[in-house]
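Here are my notes from going through the model, for you to check against the view.

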Amino acid sequence: MKIKRAFTSVIAGFSIAVGCLAINNLSANAATTQNGVTNDQINQYVNNATLEQKVGQMYVSRTPQDPNQVKNDVSKYNLGGLIVYDADMKGLTQQQFKDKMKSFQDSAQTPLLVGVDQEGGLVSRLTHSGLVQQNGNQFAFPRKQYEEGGMKEVVDDAEKNATLLRSLGINWNYAPDADYSTKPGTFMWDRTFGQGYQQTAAYLSKVVPAWQHDNLVASTLKHFPGYGDAADTHTGFAENSKSLTELENQDMVPFKAGMKAGADSVMVTHVIYNKIDPEYPASLSPKINSLIRNNCNYNGVIVTDALEMGAITDFAKEHGNASVDVLAVKAGNDMIMTTDYATGIKEIVSAVKAGEIPESQINASVTRILQLKNKLGLLKPENLMFRKPTNNNNNTSTVINPGNTDHKNPSVISGNNSITISGVTYNNDKKVAFINGKVSDPATEGSMIMTATNANTGKKITTAVVGGKGVFAIELPMTNEVQNVKITSDDDSYAAVTTKVEAIKADKPVVNTDQNNKQNSSTEKQTNKQNNSVKDEVNITLNTEKQANSAKKNTQVVSKNINSEKTTVTNPVYKSAIKTNYQGKNVITISHNSAAHAVAQKSNNNAKVLPKTGTKENIVALFGLAITSTTALFGLALRKKN
């Protein structure tokens, strides 16, 4: 039986290895098909570009709304790509949008990957923005397309949409969705193909070539290694408790099929997989990335999901505001999706120079990115030559006519355009507030940005991405005063709302007057008792001249240091005569009486250091020492006389 199992394991392992090798060859061929430049030219660029230029290619950023900023930043930071959302399309005709994308490309030294979330259904930026008119099931979820027209309709619509995207200036689609959800109503349910793991794999093997036909658009398998039934990472942490074996036999099956079909890229989710890497979200986890590179030898582009999502911002805060950009690169991602490039590029460059990230890894990522751009027909030899960044900050941007005759009024598509605040909650120590709310249009998921501003000062506090079903959660620090917070959307058709955030409540010490009086009275009585003890022991005479001199010497030492922060007594004879209580009251006596010495030694075992005392106690101690020394000297003089 054991032999049979071993043989079966060997055969299975061999099959997986062959399959992974096939995936590697297909994806590598897909990414290195040469159109405009050669591999040697790409390698020469990688070898000669500055580290900053190379890291800039690893960024795909949400498109800033100021066109001049886009042009400046694309040129200045050598950005690798942009992602467009509804806000970048609304109010524009298709020609105006094309012109807008062309102006961005003209500012880029190395042509941009321009990406979009065009999955279909509620995740259809083209139709939801109003840029393109609805047309039957062409822009529906693949689940619905399949139910009504079978696989033929799914494939046909993917081909038509890819052609449309490229005609608009978009060359990278963050689709198809390779996830499978087993529970209706979960965050990912509607977006999945919905036909089981094997059926989803079959769907991907056909739809990936459809999206990538004629090398017009790069497709993306998401969200690796399988989102499953996890919660919404737009608004916070989400977890998946499947083992690696379960993932390999279930959720990763569709991804492997898509890789084998030649998918140009893979997007990694922010879900935490407890049984693989319980600390890091998948997008920041080297262990998850290794499943892509090492388990299946996939050599296409790996990109993170947007790092502005709540799951990642929460992670950063819990880890001392660690640079998630650096962590994403360390994990093995080729491209990171975030707007934080101005800071992130510097942080990654510093990490490389510090030896935390090998420059060879950066070179490999940039090579894959350039190979993808070349496959899409974006590169020409002059694009790999270096030029100085251009400054487009001249405020001469073209005013675009907001009229659009190609579609219905976007406000009709977007519903009532309202923002509703459902409540404000606070963390345990009442230092952080969470403003929870919802926008009226659920299709704004992942595309709309909510901004919290101080309503009194107009100062921006923070932002958050709208999650599934239009829900959002804005986390902001509390202050010592009540804050009136204004919540706005990057879609100006939504009216702003204002809510209040409580002030930090200072923890006031509990004062018990009666108890304090009792404690003071007790302390005073104890001090008096100790003072009387000093007076009683003043009459004790020292038996030898050596003892008298020792007493005199120690009196001088203690008198000199009595007002210091801490006074350590090192003389063993004198040390045995220290009495210290735990309220910081110190009485110093000199005694060779056996009973007194025993008490002093016991006290000394509990306290080796004299804490700082008040003025009253210092005077008492000095007075006692002076009397003791005088008495000792007087006794010695009498003895000599006699």
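1. In helix H4, the buried residues are Asn 68, Val 70, Lys 71, Asn 72, Asp 73, Val 74, Ser 75 and Tyr 77; buried means under 20% relative accessible area, against over 50% for exposed and partly exposed in between, with a 1.4 Å probe and protein chains only. That makes eight of the 11 residues in H4 (67–77), a mostly covered helix. Helices here are DSSP runs of H or I with at least four residues, strands are E runs of at least two, and both are numbered from the N terminus.

2. A word on the source: this is a predicted model, where local features need pLDDT of at least 70 and side-chain atom pairs pLDDT 80 or more, while totals for chains, interfaces and linings use all residues. Residues are numbered from 1 along each chain as its sequence is written, and side-chain values use heavy atoms, with hydrogens and water left out.

3. What do the buried residues of H4 pack against? Their partners are helix H3 (51–56), strand E2 (81–83), helix H5 (94–107) and H14, where contact means heavy atoms within 4.5 Å.

4. Look at both ends of H4, too. At its start, the backbone nitrogen of Asn 68 has a side-chain oxygen of Asp 66 within 3.0 Å. After the helix comes Asn 78, with a positive phi near 55°.

5. Now the pocket: an open set of points on a 1 Å grid over the protein atoms alone, with protein on both sides within 12 Å along at least five of seven lines; lining residues have an atom within 4 Å of a point. The largest pocket has a volume of about 1200 Å³, counted as the space filled by probe spheres set on points joined across faces, edges and corners. Its lining has 48 residues, with Glu 308, Thr 339, Ile 449, Thr 463 and Ala 464 closest to the centre. H12 gives the most, six residues.

6. Then the cavities, where a 1.4 Å probe fits but cannot get out. Of its 23 lining residues, Asp 117, Arg 191, His 234, Asp 305 and Met 309 lie nearest the centre.

7. The second largest cavity has a volume of about 90 Å³. Among its 15 lining residues, Glu 119, Pro 142, Gln 145, Asn 161 and Trp 211 are the closest to its centre. H7 supplies the largest share of that lining, six residues.

Conventions
Polar contact = N/O pair within 3.5 Å; in protein donor to acceptor, adjacent residues only side chain to side chain.
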